[in-house]
Protein chains: 2
Amino acid sequence: MNDAAPLTSPAASLTVDLGSRAYEILIGPGLLTETGRRLAQLLPGARAMIVTDKNVGKQHLETVVQSLRKAGGDPAVLVLPAGERTKSFGHLEETVNAILAAKLERGDAVIALGGGVVGDLTGFASGIARRGMQFIQLPTSLLAQVDSSVGGKTGINTVLGKNLAGVFHQPAIVIADTAVLDTLPAREFRAGYAEIVKYGLIDRPDFFDWLEANREAVFAGGDERVHAIAESCRAKADVVRRDEFEAGERALLNLGHTFGHALEAATGFDASRIVHGEGVAIGMVLAHRFSARMNLASPDDADRVSRHLAVAGLPVSLADIPGGLPPADALLGFIAQDKKVTRGALTFILTRGIGQAFVAHDVPPSEVLAFLQENHPG
Amino acid sequence: MNDAAPLTSPAASLTVDLGSRAYEILIGPGLLTETGRRLAQLLPGARAMIVTDKNVGKQHLETVVQSLRKAGGDPAVLVLPAGERTKSFGHLEETVNAILAAKLERGDAVIALGGGVVGDLTGFASGIARRGMQFIQLPTSLLAQVDSSVGGKTGINTVLGKNLAGVFHQPAIVIADTAVLDTLPAREFRAGYAEIVKYGLIDRPDFFDWLEANREAVFAGGDERVHAIAESCRAKADVVRRDEFEAGERALLNLGHTFGHALEAATGFDASRIVHGEGVAIGMVLAHRFSARMNLASPDDADRVSRHLAVAGLPVSLADIPGGLPPADALLGFIAQDKKVTRGALTFILTRGIGQAFVAHDVPPSEVLAFLQENHPG
């Protein structure tokens, strides 16, 4: 691209309205090549460091570095190992030290180029280095584009559980290049799609209808994919705007996650068995089935959700998890360990139907146990 | 004390007015024994963990534990090694894991019992565990009571410099028991006194006059000590309220600190040579002398500041530092490495006279070098 050319309008964009922490999300194919000029426009004179992982780095680092250089920058680069284990205190310290060693100051930019792992870790490091640097998200996975890059939650895993240390640190801008999704493995794209479906199930029944009609086009790419990503970001931004620091309503975003996290934990976080988005897919179906069992919603809605996720190639029941599961009471134990447990009572996101999710406190553990026993394949 | 007795009014109290993050500072002798009931009043039903260090723990941990137990609590306890090296990523991880292992949830309380090291580390850990727990400060050093416990800055040291990683995390309450200061070594009390003097020098000339008249009474304890601490907290709270996230004016609190930090670094952070408050004392005198040299202020004011700090037993010139110093150009190097350097220019807090400090950007390094050469004892 030509340096003198005007910036193209992205295919879609939205503003996450958080007052003094408001920021824009740009969505569309080819946006990575414009990173340098977008940054120069947003933070004139700022220096930059790019944090990525080995896999994403191989594919996209050069594009971003060249874009920053064309705009007059000379970014520092940190390449981390790929994978969930990178979200550790050790790599947090490494990243903070790299930011400081690059002599970045408070107004300078720390850029996360990658999926959720790179985004969560880099966001955390940029939130604590010098007590807060400018943070730029370049999400390269579907999951990161529709979930991790919106909302300001950053974090790492601890020996006592996932995502248990972190800060709320909003990015200065999110640039989601939808063309990079063409290089994702099919299974990873599907897993991200589960989170897109989630936004329809929480409070956008029309969006769920639209997904039923347009799923194949979203998978194929093009305008429908951009629309699905933009609508997901808009849905999440609406929830986050109303509850930035997760005092209440934001918990709705955990639809499918309480069951999902428990299944991830019960399978030892072994990605060959289930990945996060697959756990969420099963979890959303279970949340609908459990709601039906509690006479809150129609079982037809649970069937409809299950059909849509299954036709998208996602697992939808405990029996779909390869390799067997611990017994129902052990699964309940994993649920009780989840961080959404408040003062001993079980908190779940339940639903009155598609697009009618709500936060249910004091769900009786005995009901959950009976439900798991009924649905257990073993 | 009797459980049923009403809470006594503290000798002094003030509110740090930060909107939704507003909190109270209670100041007076004997307040540690009331910790449990204050906590129960502020956060009913909250569980608690106390973080302290070996030295402070020996003297005051039992008092606080008993107070919490009397109020119906059963606090977890973490005792860390004493000293600046505790402000590390390793101890941060240890503290976060201890909070999680104690199964504290978001509304529960992490209590820092100690000086600046314990307060800075514990505040940071409580700011990132579960993305933010309730944080209670029980400062036990004079420096912590008048400085570290007000303003929400938390942090640890990194291999690239002190306090370069942290978050802004305001406490829910600060309880400053002035009786515990009776057990401080005299040198540590003097070092804390330097920070009290600082508030007079920034923008409270009447307070500086009062300190000149009441210094001995402040050192002796009693009402004057409480007044000096309360007035210092009030002064700092006023600055923080106007600039919580250090975008501008809050830099005034660094009066004496640019020179002071450089002297601490130049002496290898060797507490047998100078401690932080002593570096600040020398730094404040140098800031006044440098301001006089730049024809901004009268040299009489610098002499008056120097006299007051010297009669309090504090060092006031480069010659007062035992063991010799690197040459002037090396000292300038330490100043340039300080984090208050913005985009290559030197930023100093200078003054137009006592109580008239201001933030000076673009101070010429050549003038600072010449000044250091003139004042160098070697």
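Predicted model: local features only at pLDDT ≥ 70, side-chain atom pairs only at ≥ 80, totals over all residues.
In chain A, strand β5 (residues 109–114) and strand β6 (residues 134–139) run parallel and are joined by six bridges. Within this pairing, A:Gly114 has A:Pro139 of β6(A) as its bridge partner.

## Chain A

The strands β5(A) and β6(A) belong to an open sheet of seven strands, whose order is β1-β2-β9-β6-β5-β3-β4 and whose pairing is mixed. The edges of this sheet are taken by β1 (12–16) and β4 (76–80) of chain A, and because each has a single partner strand, one side of each is left without a neighbour in the sheet. From one strand to the next, the twist averages 15°. Helix α2 (residues 54–70) of chain A lies across β3 (48–53), β4, β5 and β6 of chain A, and its direction runs at about 160° to β3(A).

Chain A also holds an antiparallel pair, in which strand β7 (residues 156–158) and strand β8 (residues 161–165) are linked over two bridges. Here A:Ile156 stands opposite A:Ala165 in β8(A), and the hairpin that joins β7(A) to β8(A) passes through two residues.

The domain assignment divides chain A into domain 1 (12–182) and domain 2 (186–375). Their C-alpha centres lie 26 Å apart, and the contact between them involves 28 residues of domain 1 of chain A and 26 residues of domain 2 of chain A. Between them the two domains of chain A bury about 2,400 Å², of which 66% is on carbon and sulfur atoms. On the side of domain 1 of chain A, the residues that lose the most area to domain 2 of chain A are A:Leu142, A:Val146 and A:Phe168, which together account for 23% of what that side buries.

## Chain B

In chain B, seven strands form an open sheet in the order β1-β2-β9-β6-β5-β3-β4, and the pairing is mixed. The strands β1 (12–16) and β4 (76–80) of chain B stand at its edges with a single partner strand each, so one side of each is left without a neighbour in the sheet. Neighbouring strands of this sheet are turned against each other by 15° on average, direction ignored.

Two helices of chain B can be described against these strands. Helix α2 (residues 54–70) of chain B packs on the sheet and touches β3 (48–53), β4, β5 (109–114) and β6 (134–139) of chain B, its direction making about 160° with that of β3(B). Helix α8 (residues 223–242) of chain B lies across β1 and β2 of chain B, running at about 5° to β1(B).

| Strand pair | Sense | Bridges | Opposite residues |
|---|---|---|---|
| β2 (residues 23–28) and β9 (residues 173–177) of chain B | parallel | five | B:Glu24 and B:Ile173 |

By class, the contact of α7(B) with α11(B) comprises four nonpolar, one polar and four charged residues.

Notes: Residues numbered from 1 in each chain as written. Chains lettered and ligands numbered in written order. Heavy atoms only, no water. Nonpolar A, V, L, I, M, F, W, Y, C, P; charged D, E, K, R; others polar. Pairing = 2+ DSSP bridges. Helix = DSSP H or I, 4+ residues; strand = E, 2+ residues; numbered from the N terminus. Axes fitted to C-alpha atoms, helices over the stretch in contact; angles between N-to-C directions. Contact = heavy atoms within 4.5 Å. Domains from an automatic or database assignment. Buried area = accessible area lost by both parts, 1.4 Å probe.
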